[in-house]
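Open the model in your viewer and keep the sequence panel beside it. This tour tells you what to select at each stop.

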Amino acid sequence: IRLPGFISNDVSNGEGNAVSFDRLFDNTYFLSDENWRELYKIVNNANIVIGKLEGVEPGILTDVEKNRDMGQVKFLRGFAFLHLTQGFGDIPMPLQGYTTTQNSMSCTPQADVLKQVIADLTDAADKLPEVQEWAGADLGRVGKGSALGYLALANMYSQDWPTAGAASERLLSLTKPK
């Protein structure tokens, strides 16, 4: 996936010159279409995995494995929808894997997209382990701190300051010795 600097909201034009975050989604900026496509690929793949995990028969995965995997894909979907709505406002919000009916979806109001983002990131934060709990081949996977950081951002974007503060406090508590 090619999203240069997009994740950090610190975007450059590839030559080291800063580009305004708002400009990133301007229809004259060449990465707008690419960002849209790449973020919707994340959404579609997450929707597919969520559907598969919801249908997993008991005994195939432990509850810990299922929760961990669900937390990861909910984080990815929330992350993608957050960046899509930040850049484009009202957007289509498919919550199942791709079908042709999605070719003509109407846009979901930004406030409703943000509610879904917050639900996904809240679920992710509740299910994901702390980053130091990942080991071996799992190092580098998304952890509880990432979900809480983006949850705080989504709540700030929604101007829900008390909830943003609570998510930030939960994030900061992860760094305190236990």
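Buried means under 20% relative accessible area, exposed means over 50%, and partly exposed lies in between (1.4 Å probe, protein chains only). This is a predicted model: local features need pLDDT of at least 70, side-chain atom pairs count only at pLDDT 80 or more, and totals for chains, interfaces and linings use all residues. Residues are numbered from 1 along each chain as its sequence is written, and side-chain values use heavy atoms, with hydrogens and water left out.

**Whole chain.** Colour by secondary structure. The protein chain has 5 helices and 2 strands (DSSP runs: H or I of at least four residues for helices, E of at least two for strands, numbered from the N terminus). From the N terminus the order is β-β-α-α-α-α-α. Of its 178 residues, 41% count as buried.

**Helix H2.** Select 63–88. H2 has 26 residues and reaches 37 Å from first C-alpha to last, close to the expected 38 Å (1.5 Å times one less than its number of residues). Next comes Gly-89, with a positive phi near 80°.

**Aromatic pairs.** The whole structure holds 5 of them. Rings of Phe, Tyr and Trp (its six-membered ring) pair if their centres lie within 6.5 Å; planes under 30 degrees apart are stacked, over 60 edge-to-face, and the rest tilted. Show Phe-75 with Tyr-150: the centres are 5.7 Å apart and the planes at 75°, so the pair is edge-to-face. Phe-75 lies in H2 and Tyr-150 in H4, so the pair ties together parts 75 residues apart in sequence. Tyr-150 is buried too, at 15%.

With Tyr-150 it forms another edge-to-face pair, 5.3 Å centre to centre and 80° between the planes. This pair also links H2 to H4, across 71 residues.

A nonpolar core is a set of buried Ala, Val, Leu, Ile, Met, Phe, Trp, Tyr and Cys residues joined through side-chain atoms within 4.5 Å. The largest has 29 residues; Phe-75, Phe-81, Leu-84, Val-117 and Leu-121 have the most contacts inside it. H1, H2, H3 and H4 each give two or more residues. H3 gives the largest share, 7 residues.

**Leu-84.** Select its contacts (heavy atoms within 4.5 Å). Beyond neighbours within four places in sequence, they include Trp-36, Leu-39, Tyr-40 and Ile-91. Trp-36 and Tyr-40 also form one aromatic cluster with Phe-88.

**Second core.** Finish at a separate core of 5 residues, among them Ala-46, Leu-53, Met-70 and Val-73.
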